[in-house]
Amino acid sequence: VNPQKAALGPFIVLSLVLGTLNLMYIIYLKNLNGIHTYSIYKSIGYSVSHLVKMNCIYVAVIALLSMAAAVLVFMICFPKTMVLAMSMFGFAEYKVTYHLKTMLFGNGLVLLMFLSGVILSSGELRKNHLETLVTE
């Protein structure tokens with residue numbers, strides 16, 4: 001068994017978990033900072049599910065744009081980077097094949113993990129903060 005291939009799976013899982021945790025805390029802090037705004041939205045009739053959907057749309061748009069940019073940069077820069085890196089070991093070329101289904105599946109999985117992180121971190125929106133808004 002190739003040790004590089006054996007380490008790839010756990011590395012990907014660890015990266016996904018850390019990325020999702022980062023995103024969860026960013027959305028959690030965004031929700032805490034915008035608690036007054038969300039209280040106003042709730043007072044004029046928006047439900048918690050509307051606010052969670054708003055967070056999901058916010059994250060999905062950013063994630064899709066960043067994924068598109070990352071795939072484009074990856075496809076342009078990766079072959080050149082690998083040729084440069086492998087030339088130190090005497091390899092003149094590095095054949096790169098792109099598996100579109102794997103890239104779509106991987107990015108879709110990342111998007112689903114991020115959206116599940118948003119839903120988990122939006123628990124603060126379920127609380128009623130109108131009392132603190134009125135007293136301020």
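The lining of the largest pocket comprises 18 nonpolar, 9 polar and 2 charged residues (nonpolar: Ala, Val, Leu, Ile, Met, Phe, Trp, Tyr, Cys and Pro; charged: Asp, Glu, Lys and Arg; polar: the others, Gly among them). The model is predicted; local features need pLDDT of at least 70 and side-chain atom pairs 80 or more, whereas totals for chains, interfaces and linings use all residues. Residues are numbered from 1 along each chain as its sequence is written, and side-chain values use heavy atoms, without hydrogens and water.

A pocket is an open set of points on a 1 Å grid over the protein atoms alone, where a 1.4 Å probe fits, with protein on both sides within 12 Å along at least five of seven lines; lining residues have an atom within 4 Å of a point. The largest pocket holds about 1,000 Å³, the space filled by probe spheres set on the points, which are joined across faces, edges and corners. Of its 29 lining residues, Leu8, Ile12, Phe74, Thr102 and Met103 are the closest to the centre. Helix 4 contributes the most, 8 residues (helices are DSSP runs of H or I, at least four residues, numbered from the N terminus).

The pLDDT (the predictor's confidence in each residue, from 0 to 100) averages 82 over the protein.

Technical notes: Helix = DSSP H or I, 4+ residues; strand = E, 2+ residues; numbered from the N terminus.
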